[in-house]
Structure formats: structure tokens, C-alpha cells
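User: Please take a close look at one part of this model, the contacts between charged side chains, and explain how they join pieces of the chain.

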Amino acid sequence: TLEKKLSESFNNVSKQLQDVHQGLGEMKNLANDVGGLKKVLTNVKTRGIIGEIQLGNILESILNREQYDSNVATKKNTQQRVEYAIKLPGKDDDNSIVYLPIDSKFPDSAYQNLLNAYDSADVKLISDAKKELEKIIKTFAKDIHDKYINPPDTTDFAIMFLPFEGLYAEVLQNPNLVIQLQEDYRINI
């Protein structure tokens, strides 16, 4: 009887150790997957594509496919194409369309620098990182303005889509920046 109980206990312990070993293997795979994701996100083009996909999914969930277009040339005689543009009715009665350009931007390195500065709790680093992010957001706004705003074929303003809530919230914390983007570049976040 004692041998039987010891054997059962040993089998239970062995099974539990096997389950722990399997769980550790799964954790290792998960860690590798997270590392792979970090590598993917270090590629600027990939980050941009992730933002575009997210924007496309949002538009698809709230609008009919007939209400927006993708990869729209808002200016004639140019190769520049905005990622998405919402179709709005034009002034004419002939079913003309005015586009509202929406472009996705993701200033990852500047945003990561800011997050790292917050982690360090260094006031100067935080201030410098905020200035860097502000400068890049202004550059993006100017780029969108120059490439895609073209009244009367488009609205006289465009939208800059920031794909992550933390980044969006960080930009909105600076009301002077938001106002400047609207006044100088006709860009809404």
C-alpha cells in the first residue's frame, strides 16, 4: 500500500513538473514572439503599415465602403496619394465629391524617447523629448498639408491619425500645439 501511494505521488509530481516544463516552453516561445514583434516595429515602413491598417479598420467599421476611398491622389499631376479620404458631397448638384484627407503617422522613436524620459523622471529629458515629439508632429502636419490639401477637390483641412492612444493623448496634452496645427497647417489630430 505504501509503495502504491508513493508511486501515485511520484506520478503526480512528475506530471506537475512536466506541466511546468511545458508552460516554461510556452513562455519562452511567447518571449521570442514579443522579441520578434519588437524587431518588426523597429522598421519604419512596418510601423506605418500598422497605422494604415488600424485606420482602415476604423473607417471600415464606421463607414460604408462607398463613403471613403483609399490611396487617393488629391492633387492632379502628382504621384502623392493619401492613405484614406472620406467622400463628402460637393457644392454642385452633379454628384461631385470633395475629399477629406486622412493620413496615419507614427513618430515611434520620438514617442519612445519621451516614454523613456518619463521612466527616468528627469525633468530636462522629459522637456527635450516633448520638444522633439512636437517638432516631428509639426513636420508631419506640414507634410500632410503640402501633399494632400487641395481645395476645391479636398476640404481645406485634413486629419492626422495617430494610431496609439498614448501618443494621441500626449499630443493633445499640448493645447498650443493642437491650435498651431489647426491654424498653420489646417490639420486636426
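Analyst: In this predicted model, D153 is partly exposed, with a relative accessible area of 30%, and its side chain meets that of K76 in a salt bridge, 3.3 Å from N to O. D153 lies in the loop between α4 (123-148) and β4, whereas K76 lies in the loop between β1 and β2, so the pair ties together parts that are 77 residues apart in sequence. K76 itself counts as exposed, at 67% relative accessibility.

The loop between α4 and β4 also holds D156, and the loop between α6 (175-185) and β5 (187-188) holds R186, so this pair ties together parts that are 30 residues apart in sequence. The side chains of D156 and R186 meet in a salt bridge with an N to O distance of 3.0 Å; D156 is partly exposed at 40% relative accessibility, and R186 is partly exposed as well, with a relative accessible area of 35%.

Because K87 lies in strand β2 (residues 82-89) and D69 in strand β1 (residues 68-72), the pair ties together parts that are 18 residues apart in sequence. K87 counts as partly exposed, at 25% relative accessibility.

The count of salt bridges comes to nine, and D103, K105, D143 and K147 are linked in a network of such bridges. K105 from that network also lies over the face of F140, at 5.2 Å from the ring centre.

Notes
Residues numbered from 1 in each chain as written. Predicted model: local features only at pLDDT ≥ 70, side-chain atom pairs only at ≥ 80, totals over all residues. Heavy atoms only, no water. Lys NZ or Arg CZ within 6 Å of the ring centre and 35° of its normal. Salt bridge = Lys/Arg side-chain N within 4 Å of Asp/Glu carboxyl O. Helix = DSSP H or I, 4+ residues; strand = E, 2+ residues; numbered from the N terminus. Buried < 20%, exposed > 50% of the residue type's maximum accessible area, 1.4 Å probe, protein only.
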